Amino acid sequence: MPISEVNKLSRLFQPTTGRIGPTKKTEISSKSSENLIKYGFIKQVNSGMYAFLPLGLRILNKLTKLVDNEMEKIGAQKLLLPALTAQHLWEKTKRYEDNAPELFKVRDRTNKQYILSPTHEETICTLVSTVGLLSSKVLPLKLYQISSKWRDEMKPKLGFLRSREFIMKDLYTFDIDINNAQETYASVCKAYDNIFKKIGITYTKAIGNPGSIGGTMSHEYHYPSDIGEDIICICSSCQYAINKAVCKESHCPECKNELHEKNSAEVGHTFLLDTKYTIPLNVVHRFNDKTVPLVMGCFGLGLSRIFAVMTESLSTKEELRWPKLFAPYSVCIIPPKAGSKESEGSQYVDGIIDTLNELNIDAILDDRTNLTIGNRFMHARITGFPYIIVIGRSIVHNVQLQYRPSLALVSSATKLAVCQVLP
């Protein structure tokens with residue numbers, strides 16, 4: 001791949017808001033939110049509403065791809081539902097009154113009332129019910145989307161941990177009876193476990209609080225975090241975990257050891273809803289010459305929350321850090337400064353880029369050769385590129401003109417400023 005076609009930092013839209021290093025204390029009290037804004041990954045455009053800038057969106061897209069792959073493995077089908085839901089549907093399921101203060105409400109020109117959906121149980125049920133009786137061949141039916149959701153938070157804070165607009169993956173399942181629904185529930189939870197294992201950050205699956213969504217069974221996925229607004233009770237012996245809001249005992253019901261409280265941030269929630277929504281919205285199936293309501297499950301993943309909390313878990317006050325699978329670019333290439341003694345090393349950039357491309361490694365070139373190597377190296381570190389290739393003095397002295405490059409990638413954590421491209 002020629003240099004003209006590679007991604008370049010000089011062209012990157014990355015509006016930074018401060019110098020490298022610690023800053024004065026702001027209203028934002030989480031290092032992830034502060035640094036995501038400071039280093040140009042997201043930008044606040046309204047209270048509790050953020051734009052994903054190019055680097056941030058690359059991370060979100062990689063996370064989305066992982067989720068899509070795991071959903072495909074369990075036979076889930078992706079769709080996209082409208083952002084607006086007719087208000088009367090929420091009234092029909094008796095959810096509107098309890099949730100009204102947190103709903104964004106709009107009226108069209110005919111005065112019909114809608115809400116900006118924080119979740120889509122009513123919409124998906126209405127969609128499925130309008131196609132008529134479902135064939136048993138399509139059951140269990142698993143339909144999901146990844147889209148923006150809205151909640152009119154009274155006091156938005158901590159970036160995507162408490163925002164008014166957020167990105168969520170919501171999956172809705174439909175089964176013929178409760179036994180089949182329980183099997184589907186278990187298969188989706190296993191897929192969620194796979195997602196969190198591949199992200200690679202320690203997480204906790206806890207018995208959940210059904211809240212206003214309801215259901216007969218609920219589990220939550222949490223990342224331990226000091227800025228998290230949830231408290232989970234965990235047994236250090238058998239790892240039993242439960243949300244404090246639904247915990248009735250001080251000791252584990254399984255091994256009788258004491259439960260300990262931990263602050264955490266909820267990033268996923270699963271519900272076995274039974275027929276709470278399918279009965280009022282007439283989602284039915286013909287079975288043994290009878291029309292029966294389908295049994296429903298709902299499974300949410302807060303992708304923008306995962307984006308924020310994995311940053312909070314891994315980063316320092318000065319540097320953003322990412323799981324390698326989700327770094328905005330896996331490799332940052334830093335050529336010599338223009339006019340320096342090492343400037344002839346720039347001739348090897350094309351070969352390095354070609355090799356990375358052959359290995360299917362995504363890379364970005366820091367072509368701002370008016371800056372020193374040290375300055376650009378520091379920028380790569382605070383941005384969170386996991387590997388940095390520096391073309392410095394060593395390559396100029398040691399590389400022959402005829403060579404087939406093999407790359408020694410240098411982790412940003414090692415603080416090494418030079419790696420060699422060997423013949």
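What volume does the second largest pocket have?

1. The second largest pocket has a volume of about 340 Å³, where a pocket is an open set of points on a 1 Å grid over the protein atoms alone, with protein on both sides within 12 Å along at least five of seven lines, and a volume is the space filled by probe spheres set on points joined across faces, edges and corners. This is a predicted model, in which local features need pLDDT of at least 70, side-chain atom pairs count only at pLDDT 80 or more, and totals for chains, interfaces and linings use all residues. Residues are numbered from 1 along each chain as its sequence is written, and side-chain values use heavy atoms, with hydrogens and water left out.

2. Lining the second largest pocket are 15 residues, with K62, K65, L66, L325 and F326 nearest its centre; a lining residue has an atom within 4 Å of a point. Helix α2 (residues 54-73) contributes the largest share, 7 residues, helices being DSSP runs of H or I of at least four residues and strands runs of E of at least two, numbered from the N terminus.

3. The largest pocket holds about 960 Å³ of space, and of its 34 lining residues R151, I213, E266, H269 and F271 are the closest to its centre. Strand β14 (259-274) is among the elements that supply at least two lining residues, and β14 gives the most, with 5 residues.

4. The whole structure contains 1 cavity of 30 Å³ or more, a cavity being a set of points where a 1.4 Å probe fits but cannot get out. The largest cavity has a volume of about 40 Å³, and its lining consists of L158, L161, R162, I227, G228, E229, A265 and R305.
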